[in-house]
Amino acid sequence: MPTNKNTICLWFDKDAEAAARFYAELFPDSHVTAVHRAPGDYPSGKAGDVLTVQFTVCGIPCLGLNGGPVFSHNESFSFQIATDDQAETDRYWNAIVGNGGTESQCGWCKDRWGLSWQITPRALTDAMAAGGAEAKRAFAAMMTMKKIDVAAIEAARRG
């Protein structure tokens with residue numbers, strides 16, 4: 001199989017395969033491509049342990065590396081998932097937060113592996129793109145939210 005020119009590499013302690021399978025089940029156009037086991041012992045594992053996992057999240061190629069506890073995810077990297085309505089927003093948010101994740105502000109949450117996600121309804125991005133007073137009202141509404149409330153964003157946009 002050809003290698004992508006650019007692949008996002010995500011560092012995990014030991015759970016790259018579990019994370020990749022969770023993402024593949026949750027998001028469309030997502031799947032696990034391959035699981036590679038270490039050919040020898042390495043600092044955070046033994047020969048035969050899962051070392052890397054090739055997977056795709058919403059069409060984006062990724063590689064999960066089981067590198068050990070040295071590094072952890074933080075908000076400087078996140079996946080932004082565009083949603084079409086409140087039902088889709090709720091489904092992704094609830095799956096991530098309800099599976100050991102945590103809520104944050106303004107549509108951000110973290111999964112149980114510490115990876116950040118922005119669950120962003122198109123209603124919000126459309127409001128921001130409109131600019132002016134419409135964007136200002138939508139932005140002010142968003143700043144009060146954890147999970148984005150599409151109806152509240154649309155109401156704020158209308159004024």
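In what order do the elements of the protein chain run from the N terminus on? They go β-α-β-β-β-β-α-β-β-β-α-α-α, which comes to five helices and eight strands. Here helices (H or I, at least four residues) and strands (E, at least two) are DSSP runs, numbered from the N terminus.

A quick word on what you're looking at. This is a predicted model, in which local features need pLDDT of at least 70 and side-chain atom pairs count only at pLDDT 80 or more, while totals for chains, interfaces and linings use all residues. Residues are numbered from 1 along each chain as its sequence is written, and side-chain values use heavy atoms, with hydrogens and water left out.

Let's start with the whole chain. Its C-alpha atoms fill a box of roughly 60 × 30 × 25 Å, taken along the principal axes. Of the 159 residues, 37% count as buried; buried means under 20% relative accessible area, exposed over 50%, and partly exposed in between, with a 1.4 Å probe and protein chains only. The chain exposes about 8600 Å², and carbon and sulfur atoms supply 52% of that area (accessible areas come from the Shrake-Rupley method with a 1.4 Å probe, and for residues, only the protein chains shown count as cover). Take the contacts between residues at least 6 apart in sequence: 57% of them join residues at least 24 apart, a contact being heavy atoms within 4.5 Å.

Asn4 sits in the segment before β1 (8-12). Asn4 is partly exposed, at 43% relative accessible area. Cys62 is 58 residues from Asn4 in sequence, yet the two are 9.6 Å apart in space, C-alpha to C-alpha.

Now for the charged pairs. Side chains of opposite charge can pair when their charged atoms come close. The structure holds six salt bridges, each a side-chain nitrogen of Lys or Arg within 4 Å of a carboxyl oxygen of Asp or Glu. One of them joins Arg122 to Asp84, with the closest N and O atoms 2.6 Å apart. That pair links distant parts of the chain, 38 residues apart: Arg122 is in helix α3 (residues 122-130), and Asp84 is in the loop between β5 (78-83) and α2 (86-98). Asp84 counts as exposed at 55% relative accessibility, whereas Arg122 is partly exposed at 42%.

Another salt bridge brings together Asp90 and Lys147 (3.0 Å, N to O). Asp90 lies in helix α2 and Lys147 in the loop between α4 (132-142) and α5 (150-158), so this pair ties together parts that are 57 residues apart in sequence. Then there's Glu134 with Arg157, at 2.2 Å, N to O.

Finally, look for Met128, Phe139 and Met143, which make a nonpolar surface patch of about 270 Å². Patches are made of residues with over 30% relative accessible area and no salt bridge; like charges are joined within 9 Å, nonpolar side chains (Val, Leu, Ile, Met, Phe, Trp, Tyr) within 5 Å. Met143 lies in the loop between α4 and α5 and is partly exposed at 44%.
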